[in-house]
Amino acid sequence: ARLMGSKWWHYRIAHIGYFDRSTLKRCMDAAGLEIVEMRRPSWYFPLSYLAVRLFTYLPRWMKLPVPRFLDRIVVPLNLFDSMLVICRKSGNR
C-alpha cells in the first residue's frame, strides 16, 4: 500500500486512520475504558478476487482469464490496515 499510494487496490479515503496503539490507549483511558484486547485482524478473500486485483496492474498482454475454481479457495490476508480493539469499563473484572 505504501509503495503504490493512491493506486493501491484497497485505498479508500474512509480507510485512512488517525490512531495508533498509543493514541487509542490514551483515548480509551480518557473515556474510562480499559483495553482488553488489541490486534490486527486478518481478512478472508477468495483467491479469484486477489487474482483479479493483481491482474489490474499487469499489462493487457499478460492478463489471463481467472479460473473459476479459484472462487472456492479462500485465503487469510492481514494487510495490517485495521485494528480491532475490545474494551470494558475501567475497574470491571
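Helices (H or I, at least four residues) and strands (E, at least two) are DSSP runs, numbered from the N terminus. This is a predicted model, in which local features need pLDDT of at least 70, side-chain atom pairs count only at pLDDT 80 or more, and totals for chains, interfaces and linings use all residues. Residues are numbered from 1 along each chain as its sequence is written, and side-chain values use heavy atoms, with hydrogens and water left out.

View 1. Read from the N terminus, the elements run α-β-β-α-β-β. Of the 93 residues, 13% count as buried (buried means under 20% relative accessible area, exposed over 50%, partly exposed in between; 1.4 Å probe, protein chains only).

**View 2. Helix H1 (residues 21-30) has buried residues Thr23, Leu24 and Met28.** They lie on the same side of H1, because they cover an arc of only 135° around the axis (the arc is that of the directions from the helix axis to the C-beta atoms). An α-helix has 3.6 residues a turn, so residues three or four places apart point the same way. The buried residues of H1 pack against strand S1 (33-39) and strand S4 (84-89) (contact means heavy atoms within 4.5 Å). Arg26 and Ala30 are exposed, on the face turned away from the buried side. Just after H1 comes glycine 32, with a positive phi of about 75°.

**View 3. Serine 48 lies in helix H2.** Its relative accessible area is 9%, so Serine 48 is buried. Leaving aside residues up to four places away in sequence, Serine 48 touches Val66, Leu70 and Asp71.

**View 4. One aromatic pair turns up in a search of the whole structure.** The ring centres of phenylalanine 45 and tyrosine 49 are 5.6 Å apart and their planes are at 5°, so the pair is stacked (rings of Phe, Tyr and Trp, its six-membered ring, pair if their centres lie within 6.5 Å; planes under 30 degrees apart count as stacked, over 60 as edge-to-face and the rest as tilted). Phenylalanine 45 counts as buried, at 11% relative accessibility. Tyrosine 49 is partly exposed, at 34%.

**View 5. Tyrosine 57 sits in the loop between helix H2 (47-55) and strand S3 (74-77).** With a relative accessible area of 34%, Tyrosine 57 is partly exposed.
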